[in-house]
Amino acid sequence: ASARCSDRKGPLTEATRWRTAFETASSLWDRLCKEAEHKQAALDAATEVGTAVQKSVDRQRAAVKDAEEALAVQRRVLSKVEVEAARAAQRGREAAEQTRVARGEAQVADDEERNT
C-alpha cells in the first residue's frame, strides 16, 4: 500500500508543479499583456498629440506665409503711394512757383499801370 501511495504522490506532485508553472506563466503573460496595452495606449496618445502639434505648426506656417504675402502687398501699395505723393508734392511746388511768377507778373503790370 505504501508503494502505491508513493507512486500516486509522484505523479500528483509533478502535475502540481506543472499546474503551478502554468499558472505562474499565465499570470506573467497577463501582466505583460496589460503592460503592453498601457504602453500602446500611451503611444497612441503621444501619436495623437504629435499629430495635433504638427497640424498646429502647419496652420501657423500657413498663417505666417499669408502674413508675409499681405506685407508684400502692403509694401507695394505703400511704394506706389510714396511715388504718387512725391509726384503730387512736385506738382504742388511747380504750381506754387507758377503762382509766384503770375503774382510777380501781375504786380509788375499793376506797377506799370500805376506809373502810366
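Q: How many residues apart are Glu97 and Arg100 in helix 1?
A: Three, about one turn of helix 1, where both of them lie. A helix here is a DSSP run of H or I, at least four residues, numbered from the N terminus.

Q: Where do these numbers come from?
A: This is a predicted model, where local features need pLDDT of at least 70 and side-chain atom pairs 80 or more, while totals for chains, interfaces and linings use all residues. Residues are numbered from 1 along each chain as its sequence is written, and side-chain values use heavy atoms, leaving out hydrogens and water.

Q: OK, what does Glu97 form with Arg100?
A: A salt bridge, with the closest N and O atoms 2.9 Å apart. The term means a side-chain nitrogen of Lys or Arg within 4 Å of a carboxyl oxygen of Asp or Glu.

Q: Is Arg100 buried or exposed?
A: Arg100 is exposed, at 51% relative accessibility, while Glu97 is partly exposed at 39%. (Buried is under 20% relative accessible area, exposed over 50%, partly exposed in between, with a 1.4 Å probe and protein chains only.)

Q: How many salt bridges does the structure hold?
A: Six. One of them pairs Lys39 with Glu35 at 3.2 Å, N to O. They sit four residues apart in helix 1, again about one helical turn.

Conventions: Helices (H or I, at least four residues) and strands (E, at least two) are DSSP runs, numbered from the N terminus.
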